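Thanks for coming. I will go through the salt bridges and then the nonpolar cores.

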Amino acid sequence: LIDKINNKLPIYFDAKNEFNMVSTFTKTTYDADEVGIVIKMQNPFAKDKYVLIISGKRFKGTRAGILAVTNYLKKLDEGNKFDSGIARVVRGIDRDSDGRIDDVEFLE
């Protein structure tokens, strides 16, 4: 599904470069497995609807995105400094060193 709207995303997956995430705001490329994105944007196929994208390059990145939504909803709602909507990049952190992502850091 993301493939159909990837070219419209403010933070998109670069299919030519191992599906790294690229921010259109900062032109930064994120290649770490524990990096994820959370985007809420107008649905390009139905202008009166919105889509919520929680994803990562790998499972760890997707988990970081889910943790951002469940634990930091107010911070997500603030948006980022580049856009008034929700388009955030998060990095998963393993605070208790058990091998599982259990917190996030906001990169954008």
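Is R95 buried or exposed? R95 is exposed, at a relative accessible area of 56%; buried means under 20%, exposed over 50% and partly exposed in between, with a 1.4 Å probe and protein chains only. Before going on: this is a predicted model, where local features need pLDDT of at least 70, side-chain atom pairs count only at pLDDT 80 or more, and totals for chains, interfaces and linings use all residues. Residues are numbered from 1 along each chain as its sequence is written, and side-chain values use heavy atoms, leaving out hydrogens and water.

R95 meets D103 in a salt bridge, 2.7 Å from N to O. The term means a side-chain nitrogen of Lys or Arg within 4 Å of a carboxyl oxygen of Asp or Glu. D103, at 13% relative accessibility, is buried.

Searching the whole structure gives three salt bridges. Another joins E105 and R91 at 3.0 Å. E105 is in strand β7 and R91 in strand β6, so this pair ties together parts 14 residues apart in sequence; strands are DSSP runs of E, at least two residues, and helices runs of H or I, at least four, numbered from the N terminus. Then there is D33 with R58, the closest N and O atoms 3.5 Å apart.

Now the cores, meaning sets of buried Ala, Val, Leu, Ile, Met, Phe, Trp, Tyr and Cys residues joined through side-chain atoms within 4.5 Å. The largest has 14 residues, and I11 and I37 are among those with the most contacts inside it. Strand β4 gives the most to this core, four residues. A second, separate core of 10 residues includes L67 and F106.
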